[in-house]
Amino acid sequence: MLSIRNLHVSADGKKILKGLNLDVNAGEVHAIMGPNGAGKSTLSNVLAGREGYEITEGEVVYDGRNLLEMAPEERAREGLFLAFQYPVEIAGVGNLYFLRAAVNAIRAHRGLEELDAMDFLSLAKERMKLVELKQELANRSVNQGFSGGEKKRNEIFQMALLEPRLAVLDEIDSGLDIDALRVVANGVNALRSDKRAFLMITHYQRLLDYVVPDHVHVLVDGRIVESGDKTLAQELEKKGYQGIEVAPGQ
Amino acid sequence: MIDTIQETYRSSFEHQPEAPAWLAELRRQGFARFTELGFPTTKLENWRYTSTAALAKVAFQPAPVSAPDTKAIVDANRLEGVDLQLVFVNGRFDAAASTTAGLPEGVVVVSLGEALGSHEALVREHLGRYVDAEQQAFAALNTAYLGEGVFVHVPEGVQLSAPIHLLFVAAPGADPVMMHPRVLVVADKGSRLQLIEQYVGTAGASLTNTVAEFAVGEEAEVVHYRLQREGAEAFHIGTLAASQAAGSRLRSFSLSLGAALARHDLGTNLGGKDAWGELNGLYLVKGTQHADFHTTIEHTVPHCASRELFKGVLDGKGHGVFNGRIVVPRDAQKSDSGMTNQNLLLSRDAEIDTKPELEIYADDVKCSHGATVGQLDEESIFYLRARGLSLQEARSLLTLGFALELFEQIDIPAVRSLLDREVLAWLPGGGKE
């Protein structure tokens with residue numbers, strides 16, 4: 001589904017990703033772990049199409065297409081979803097109003113009929129339950145007055161509505177207490193399927209106790225230096241990134 | 001003023017229908033004052049950013065008596081659930097299109113022409129008392145042609161739950177047409193009313209020069225919506241002059257998105273303790289449109305509060321002007337006022353001139369003000385695009401959010417949805433969402 005080959009990315013003249021390789025297949029859950037500054041957020045931003053990055057080398061192929069040539073909205077319509085580390089607050093734009101526009105943009109792209117307000121509302125109500133999002137929050141302006149945990153739940157709620165094929169979750173666990181983490185993780189688990197892949201980017205192993213990955217990769221200084229199964233995360237928890245950084249891979 | 005143009009105004013001034021002596025005198029004073037002042041020029045501080053040169057070149061005339069067919073535009077602008085409606089076409093009252101049935105006893109909602117006969121004493125007591133026709137040339141011009149418009153009187157203690165909808169249609173046809181309606185609202189002690197003052201128009205050159213005067217009695221409340229969207233060649237000059245007694249409340253919302261040139265002078269005088277005055281507005285300009293809001297809130301006595309929020313969205317080569325004046329004389333202690341002006345520039349060629357003008361002579365007051373000029377937030381645009389919205393949809397949605405935040409407290413559903421529709425239709429892409 002996703003194939004990243006020798007990806008080199010710079011921002012503001014500074015090299016951040018330095019030859020990253022990664023393959024993700026449908027149905028798989030991958031975790032990318034790494035210390036601060038390793039390039040984790042750059043990877044998720046480049047995948048979603050945020051401006052401000054220069055791709056100097058390499059390629060990203062998504063479903064046989066060159067992902068890097070696609071506009072952000074085209075990626076979203078083709079089933080790519082980024083759960084933001086810092087979801088944006090948007091005054092005056094109703095959460096549900098915005099999401100109906102998004103759902104319908106994606107449906108139109110897939111040749112499906114647009115949902116009217118009633119149909120959308122019943123769908124939204126059903127998906128809201130997944131992340132125990134209060135209805136009053138759904139009716140408010142996008143992320144305005146939401147707590148940190150509510151913003152993250154709102155991201156997962158959006159994912160549940162947009163039904164992506166590849167979900168990139170950027171530090172979805174950051175700033176969450178253990179109860180909120182459990183709710184968010186339950187939401188993610190409920191959306192796991194053999195047609196959908198996840199790329200979870202995290203600093204901490206804690207999230208992986210709740211959303212158990214098939215593959216774990218360690219990202220250090222712009223490259224994946226080690227890959228393994230879920231036990232790798234536990235090993236990291238014990239040794240820290242320090243142990244890996246001194247012996248970088250290829 | 002160009003002589004031939006002046007002659008046109010004089011001729012139409014002299015050929016007005018008969019009026020009672022007191023009104024004829026008022027008109028005469030108005031015309032004399034207008035002749036002295038002339039059209040404002042950009043040399044005047046109050047008109048620095050708004051040129052009336054294009055307006056002053058046109059030989060506007062009162063519309064002929066035979067009214068054009070405006071049924072379609074009138075029907076299109078009916079508000080669902082708002083039955084109380086007075087319609088004016090080119091400044092002339094259209095009785096057939098108007099409905100004033102079912103008013104509570106004692107409440108008067110009539111054309112000014114009718115009120116001059118039926119309620120002459122009350123009209124005479126208030127007419128021209130609140131607007132400054134001495135200093136404001138267009139108010140003087142409006143006074144020169146006094147005769148038609150609206151008279152509303154809500155007696156003591158009456159809470160009028162049904163909103164009053166005033167629809168003014170400018171339908172110029174081939175010749176430039178002018179109209180000078182006057183709206184007079186007298187809200188007695190403890191009364192309440194909601195007034196929708198709407199201006200629409202068809203293509204062609206028109207001048208709508210309108211003055212509204214509100215006398216808001218003790219503990220009375222007036223909620224005012226002013227919606228202006230006329231044709232591309234229209235000139236709109238709108239004045240609001242309110243006078244508020246103790247404990248009264250005025251809440252006013254303006255939307256301006258039509259006309260080649262729209263100038264609004266909105267003011268209220270807080271003349272009694274504990275009065276609350278609120279002026280809010282939204283202006284949308286694109287192409288080469290020009291919209292100007294000059295507001296004045298005078299805290300004449302202590303212990304009054306005022307709030308002001310104006311937002312502007314400026315696209316193309318549009319030009320917006322906001323000048324918010326707050327006056328607090330030395331004795332008006334414990335005045336509490338807040339004024340905010342926020343502008344969104346959608347294009348590089350758009351322009352906004354924003355200026356708070358605080359004249360505060362009292363020392364124990366709370367007065368805050370702020371003005372911002374910004375662009376759409378790139379982070380927000382990316383967030384929306386990452387959810388599948390196109391760049392244009394994202395921009396439209398954010399613009400809409402910026403604009404409509406202002407109208408969240410509007411509680412007449414038909415007005416709220418009209419505003420939503422108007423703003424959506426104005427947006428690039430014609431409101432696809």
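Two strands are taken to pair if DSSP finds at least two bridges between them; helices (H or I, at least four residues) and strands (E, at least two) are DSSP runs, numbered from the N terminus. The structure is a predicted model, in which local features need pLDDT of at least 70 and side-chain atom pairs count only at pLDDT 80 or more, while totals for chains, interfaces and linings use all residues. Residues are numbered from 1 along each chain as its sequence is written, and chains are lettered from A and ligands numbered from 1 in the order in which they are written.

Over residues 246–250 of chain A, pLDDT stays under 50. Where pLDDT is low, the predicted coordinates should not be read in detail.

Chain A contains an open sheet of four strands in the order β2-β1-β4-β5, with antiparallel pairing. Strands β2 (14–24) and β5 (65–66) of chain A each have a single partner strand, so one side of each is left without a neighbour in the sheet. Strands β1 (residues 2–11) and β4 (residues 54–62) of chain A are joined by seven bridges, and A:V9 stands opposite A:I55 in β4(A). Helix α1 (residues 40–48) of chain A lies across β1, β2 and β4 of chain A and runs at about 70 degrees to β2(A); axes are lines fitted to C-alpha atoms, for helices over the stretch in contact, and angles run from 0 to 180 degrees between N-to-C directions.

Buried residues of helix α3 (residues 95–109) of chain A include A:F98, A:L99 and A:I106, a residue being buried if 20 or more other C-beta atoms lie within 10 Å of its own, exposed if 12 or fewer, and partly exposed in between, with C-beta atoms placed from the backbone. The buried residues of α3(A) pack against α2, α4, α5 and α6 of chain A together with α9 (391–404) of chain B. α3(A) is followed by A:G111, whose phi is positive, near 75 degrees.

Between the chains, 18 residues of chain B are in contact (C-beta atoms, placed from the backbone, within 7 Å) with 20 residues of chain A. On the side of chain B that touches chain A, the largest share, six residues, comes from α9(B).

Conventions: Two residues are in contact if their C-beta atoms, placed from the backbone, lie within 7 Å. pLDDT is the predictor's confidence in each residue, from 0 to 100.
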